[in-house]
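Here is a short report on one protein chain. Keep the sequence and the model open while you read.

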Amino acid sequence: MKKITFPYRGLPRVKRWLALLSFACTSPVLLANSNPDADAGSLVYCTPAASSTIRFIKDFSTTGGFPNIYNANTGIGTGGYANHTDKKVSQSSGGTINFSTVYSGGNFGLAIWIDWNNNETFEPAEMMSATTAVAASHTGTITIPAGTPVGNYRMRVLADYNTAVPSNPCSFNAANTSGEAEDYTFEVIAPPSCLPATALGASNVTLTAAQLTWTSEGTSFDVEYGPSGFTQGTGTMATSVGNTYNASGLTPDTWYQFYIRSNCGTGDKSPWAGPFRFYTGYCLPSTTTTGYFINRFTTTGGYTNINNTGTTLGAGGYSNYAAQKVSYFENASVSFSAAYTSGCGFAIWIDWNNNMLFDTGERVFNTTASGAAATGTITVPAGTPVGNYRMRIRIDGNNTNPADPCNFATLGRGEAEDYTFEIVAAPSCRPPTNLGAGNLTFTTAQLSWTGSGTVFDIEYGPAGFAQGTGTMISSVGNPYNTTGLTPETSYHYYVRMDCGVNGKSTWVGPFRFYTGYCLPVATVATSYIKDFSTTGGGSNISNLNTGQGTSGYANHTAMTVSQYEGASVNFSAVYNSATLGLAIWIDWNNNMIFDTGERVFNTTALAASTTGSITVPAGTPIGSYRMRVLADRNSNNPNNPCSFFAANGSGEAEDYTFVVVAPPSCRPPTNLGAGNLTFTTAQISWTGSGTLFDVEYGPAGFTQGTGTMVSSIGNPYNATGLTPE
């Protein structure tokens, strides 16, 4: 079809439509506008189509305009196209603006077109910028042609993964069409009667305030600010202010932006300059991977302590735990412990001068070698004023000695977490230290500590309870025995000393204890024990076709295997899909700990299933004992009943009950079996020294006492009247 152009560039759009319709010889047919985002009455701009969804423009922004575009952290538009024409950059004819692009998914070529003649076509002469090499980001400058009329113009930004020099605004290069196009509005404005402000900035930023600054020859200005991305006209407006302006009442840890315009006198104002973006918080590291994170950070020795366990990667590699605090007084020390992904360095900073920066001299701990855990102490500098201070901990998978609190090393592997370190006044009498818990059972615990006094107050409750809502015990000695606890539950407790005429010390804690056995934690859900069963016991376990327990642990202690001392049982374990190592522990001394000598079985090679036998030690008292079965994807010989090998924690632990019973007056049968099977009959047999036996049978899984009982029979026994299949 021949391209037809019309000499109606200066007419309003409605007149251009009328001109187009009057040219036709027959009744006009109006086609539906396939781009609902286009201006009313406009022809539709071409829309490139991409088949890939992983390569796109992540950030696009401008500077030097009045105002500017800031479009960051975006995903890919539908089909590789995004209409952002609600966002505009403004400049006068003959002026310039600068732009910056950052891509996601690799290196791209970039081109920018502006439809200066508003004919809904991006012509070759309207290409305003183009790269000559692919890169992960680009910057450049666009100059507005002299004489360009005041008005709005469509600007297309196209990034192409397959070419260094994109030349087609309507399609991507190569068959796999990988890239993205974004449209914006470029507004040409009349030269202002007074110049807008430049060099916008923000200083003296706190969690709730910021000093907004700019450069201008003027003396009176209007400022509008709000959360990043707000629409002008909906923000907080301050008129006729001087240079600078103090914004207050801001929300902590929030991105803001502001615009500024000059009052030119006689009611005239400059164009808006901005937005300038600032953050009411500390710098935010950003990671590009998800496999490196801190899973535990705790402190001890403070009046109050941090106990943050079982955590995963925060959004973008950052987690704000500033609501959790450790408190102590100046010139004293607290201890810390951190666990994290293997192969990382670790460091801690505390902003002792509260300037919202982690200065070089404020790094209070660092490793010098990579690992999976770190412990140490933090000493509060003498003379540090009472108050709250931000503490940052950080790991880095590419740096054994992290020195930058705001950025990860190459490849962005790691995580940062923020906490609060509170400095309190030194007490008139020192609070207790070295909190602990011992002699644990399912329902009791002995709480102990170190203190110079003899009378103390204790408060305890479920882990995480708010002080004042727990169980308070006053005027007790050291140690203190708690009772009536809930089995297999995590608890916290706090303690303070009664100082007599000097009142009471500050509370210290919490100290965490658990009324149960240790709980391994798996971070991978693909490797677990599918079947576990025993044979040869007085009663046996048959736990088949199970999935993985929560976080890699399953409590099956309602299932029991029984045997008397000196005798053995056999077991079989089958895993779901992979080869694993296996170990079994039985807590023969019932001390709630699986001691090294209580490992009763272990493999030496990975396998898809495991069989073996367990012998009850001679002299073991009659009673119930906890049995732990642990399968580990990363160890052929598991030796830790409380954790999985390697950082990825792949496997499962299951707990059962092993009951030691009195030796029977006559030994029970063994080697149970069934043969000569038909649809309705079966010959049941066993090995036994006697001649008379009782048999009970029923559908698989039946509860004993509900089956068919046959007494005083011989061996074998023919069961009849069974249900086929």
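Start with Glu120: at 8% relative accessibility it counts as buried, because the cut-off for buried is under 20%. Glu120 sits in the loop between strand 5 (109-114) and strand 6 (127-130). Its phi is positive, about 60°, although Glu120 is not a glycine. Bear in mind that this is a predicted model.

Ser240 also has a positive phi, near 55°, and is a residue other than glycine. Ser240 belongs to strand 13 (residues 236-241). At 53% relative accessibility, Ser240 counts as exposed, since the cut-off for that is over 50%.

Gly64 falls in between. Its relative accessibility is 35%, so Gly64 counts as partly exposed.

| Residue | Relative accessibility | State |
|---|---|---|
| Glu120 | 8% | buried |
| Gly64 | 35% | partly exposed |
| Ser240 | 53% | exposed |

**Around Gly64**

Gly64 is found in the loop between strand 1 (56-63) and strand 2 (70-71). Which residues does Gly64 contact, leaving aside its neighbours within four places in sequence? They are Gln91, Thr96 and Ile97. Asn502 is 438 residues from Gly64 in sequence, and their C-alpha atoms are 65 Å apart in space.

Pro67 is found in the loop between strand 1 and strand 2. The peptide bond from Phe66 to Pro67 is cis, with omega near 0°. A cis peptide bond also joins Gly509 and Pro510, where omega is about 0°. Pro510 is part of strand 32 (residues 508-514).

**The whole chain**

The chain has 46 strands and one helix. Its radius of gyration is 37 Å, well over the 27 Å that the globule rule gives for 725 residues, so the chain is more spread out than a compact globule. The C-alpha trace spans about 115 × 85 × 40 Å along its principal axes.

Of the 725 residues, 44% count as buried. Among contacts with a separation of 6 or more, 69% come from residues 24 or more positions apart.

**Nonpolar cores**

The largest nonpolar core has 50 residues. Phe297, Phe346, Met391 and Phe421 touch the most other members. Which strand gives the most to this core? Strand 21 (residues 333-350) does, with eight residues. Another core, of 24 residues, lies apart from it, and its members include Ala578, Leu580, Val616 and Phe658.

Methods:
Residues are numbered from 1 along each chain as its sequence is written. This is a predicted model: local features need pLDDT of at least 70, side-chain atom pairs count only at pLDDT 80 or more; totals for chains, interfaces and linings use all residues. Side-chain values use heavy atoms; hydrogens and water are left out. Helices (H or I, at least four residues) and strands (E, at least two) are DSSP runs, numbered from the N terminus. The radius of gyration is taken over C-alpha atoms; the globule rule is 2.2 Å times the number of residues to the power 0.38. Buried means under 20% relative accessible area, exposed over 50%, partly exposed in between (1.4 Å probe, protein chains only). Contact means heavy atoms within 4.5 Å. A nonpolar core is a set of buried Ala, Val, Leu, Ile, Met, Phe, Trp, Tyr and Cys residues joined through side-chain atoms within 4.5 Å.
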